[in-house]
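Have the structure open in your viewer and the selection tool ready. Each stop below says what to select and what is there.

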Amino acid sequence: MIENIRLNLQRVIDESYDILIGYGLLENIPLDLKRNPLGNKYAIITDSNLKDLYGEKLLERFREENLNACLIDVPAGEESKSLDTVGYLVGKLLENNLDRKSAVIALGGGVVGDLSGFTASIFMRGIPYIQVPTTLLAQVDSSIGGKTAVDTIEGKNLIGAFYQPKKVYIDPSLLKTLPKREFISGLAEVIKYGVIYDRKFFEYLEKNINEIKRLNEEKLLHIIRTSCIIKKSVVEEDPRDENKRAILNYGHTPAHALERLSGYKCLHGEAVSVGMRISGWIAVRKGFWSLDEWERQNRLIESFGLPLEMDFEIEEFIKALYYDKKVEGGTLMFVFPKCIGEMASINGKYKIPVSEKELRIFLRELVNN
Ligand code: NAD
Ligand code: ZN
């Protein structure tokens with residue numbers, strides 16, 4: 001005799017949130033939170049570089065609004081995206097008396113965003129958090145979409161959760177202090193958005209290279225806003241990363257392999273640039289994309305000062321590709337442009353398999369050219 005007691009837990013959840021963009025927005029966050037509270041106490045989590053640049057001032061602003069807040073920092077750099085740091089942060093949150101009714105403010109680049117979001121997702125089984133991205137990469141990419149994660153020695157982002165922020169506050173004026181190389185690196189993702197989704201935006205980038213590089217306010221605002229809208233549209237279509245969201249990973253299968261081979265010395269956007277040249281070439285050779293447009297993409301990448309090539313040994317590179325989360329049943333999967341502004345699909349599926357044999361041939365052609 002078996003008894004069956006069913007626990008019914010179907011639920012409809014609304015995880016919608018606003019992305020606010022504006023110069024000088026940072027200062028206004030405490031006032032906005034006073035009007036629309038997220039918790040009884042706030043922990044601002046940031047890194048060692050940003051603590052003095054923006055963290056202390058933001059904490060000050062919270063206090064001016066009589067909001068209960070504390071500031072916690074972790075060493076800057078990818079090494080902080082670890083379970084050890086999550087443990088450290090949980091300790092600090094408890095030490096500062098944060099509880100189930102408190103909230104986290106992630107003030108930083110993708111490292112702080114991924115780490116704080118993940119910590120918020122597990123602290124007391126989940127407390128709300130907001131994103132205050134400070135790098136171009138974080139403002140156009142990592143702060144939106146709710147992917148949170150930490151790395152392990154086996155690889156990047158292997159532990160994590162889908163956990164959406166309650167709000168994203170993007171203040172482009174913070175980019176003025178960002179090292180140039182980091183800024184340029186973030187532009188790789190911006191170019192990616194043009195290639196995968198928006199031809200007009202790609203043309204806009206071609207026409208405004210110098211002003212964008214000089215951080216012209218109007219142009220910067222336009223590229224951030226457009227990138228956010230593209231990411232938002234793709235995430236809305238496929239929040240759980242089951243098909244279409246893979247197009248956001250254009251160039252990323254090779255990029256992740258290159259990052260791994262470089263011992264994570266190259267910046268993410270630099271690897272993505274080289275990755276877009278490689279994925280684009282495979283797209284051309286497999287008949288998805290035209291040679292002309294591939295060359296046009298590469299010219300844009302280069303004119304922003306991003307690399308198109310990195311030294312690697314083909315067999316080692318292929319081995320490193322298998323660590324990608326897009327590998328399915330042992331097969332390497334790529335996403336390919338069909339034209340600038342649109343990605344290719346086969347029977348509605350955007351991830352397209354490539355055999356090792358084909359890959360070897362295409363890579364040799366690239367290396368020899
Ligand atoms: P990062 O967070 O390490 O920041 C880069 C450097 O710039 C750091 O030294 C930081 O202290 C400094 N910095 C940040 N903002 C600054 C500012 N305004 N002024 C001066 N210095 C500043 O790097 P990142 O490129 O922003 O993020 C990379 C991480 O993002 C990776 O771990 C990657 O896995 C993750 N990521 C996540 C997603 C996602 O969807 N969650 C998407 C893409 C990347
Ligand atoms: Zn990326």
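Start at M124. This residue follows helix α4, and its phi is positive, near 55°. Keep in mind as you go that the model is predicted.

**Stop 1: helix α4**

Step back into the helix and select residues 110-122, which make up α4. The helix has 13 residues. From first C-alpha to last, α4 reaches 18 Å, close to the 18 Å expected at 1.5 Å a residue.

How many residues of α4 are buried? The count is 12 of 13, so the helix is mostly covered. Colour the buried ones: G110, V111, V112, G113, D114, L115, S116, G117, F118, T119, A120 and S121.

**Stop 2: α3 against α4**

Two packed helices are described by the angle between their axes and the distance between the axes. The crossing is right-handed.

Show side chains at the contact. From α3, pick L83, T85, V86, L89, V90 and L93. From α4, pick L115, F118, T119 and I122. By class, this contact has 8 nonpolar residues, 2 polar ones and no charged ones.

**Stop 3: E189 in α6**

Select E189, in helix α6, residues 180-197. Is E189 buried or exposed? Its relative accessibility is 0%, so E189 counts as buried.

Now show what surrounds the residue. Leaving aside neighbours within four places in sequence, E189 is in contact with L137, V140, D141, H252, H268 and V272. Keep H252 and H268 selected. H252 in α10 and H268 in α11 both take part in the contact between those two helices.

**Stop 4: α10 against α11**

Select residues 252-261 for α10 and residues 268-285 for α11. Their axes come within 7 Å and cross at roughly 130°. That makes α10 oblique to α11. This crossing, too, is right-handed.

On the α10 side, show H252, P254, A255, H256, L258 and E259. On the α11 side, show H268, A271, V272, V274, G275, I278 and S279. The contact has 7 nonpolar, 5 polar and 1 charged residues by class.

Stay on α10. The helix is mostly covered, with 7 of its 10 residues buried. Those residues are H252, T253, P254, A255, A257, L258 and E259.

Which elements do the buried residues of α10 pack against? Select β7 (155-162), α6, α11, α13 (314-321) and β9 (332-334).

**Stop 5**

Then click Y264, in the loop between α10 and α11. Phi of Y264 is near 60°, a positive value in a residue other than glycine. Y264 is partly exposed, with a relative accessible area of 36%.

**Stop 6: R285**

Jump to R285 in α11. This residue is partly exposed, at 34% relative accessible area. What does R285 contact, leaving aside its neighbours within four places in sequence? Show I361, F362 and E365.

For a sense of scale, draw a distance from R285 to E242. Their C-alphas are 26 Å apart in space, and the two residues are 43 apart in sequence.

**Stop 7: I247**

Next, select I247, in the loop between α9 (217-237) and α10. I247 counts as buried, at 1% relative accessibility. Not counting residues up to four places away in sequence, I247 touches I196, Y197, V234, V335, M343 and Y350.

Draw one more distance, from I247 to L363. These residues are 116 apart in sequence and 21 Å apart in space, C-alpha to C-alpha.

**Last stop: N347**

Finish in the loop between β11 (342-343) and β12 (352-354), where N347 is found. Is N347 buried or exposed? It is exposed, with a relative accessible area of 78%. Check its backbone too: phi of N347 is near 50°, a positive value in a residue other than glycine.

Conventions
Residues numbered from 1 in each chain as written. Chains lettered and ligands numbered in written order. Predicted model: local features only at pLDDT ≥ 70, side-chain atom pairs only at ≥ 80, totals over all residues. Heavy atoms only, no water. Axes fitted to C-alpha atoms, helices over the stretch in contact; angles between N-to-C directions. Helix = DSSP H or I, 4+ residues; strand = E, 2+ residues; numbered from the N terminus. Left-handed = near helix turned anticlockwise from the far one by under 90°. Contact = heavy atoms within 4.5 Å. Nonpolar A, V, L, I, M, F, W, Y, C, P; charged D, E, K, R; others polar. Buried < 20%, exposed > 50% of the residue type's maximum accessible area, 1.4 Å probe, protein only. Expected span 1.5 Å × (residues − 1). Parallel < 35°, antiparallel > 145°, perpendicular 65-115°, else oblique.
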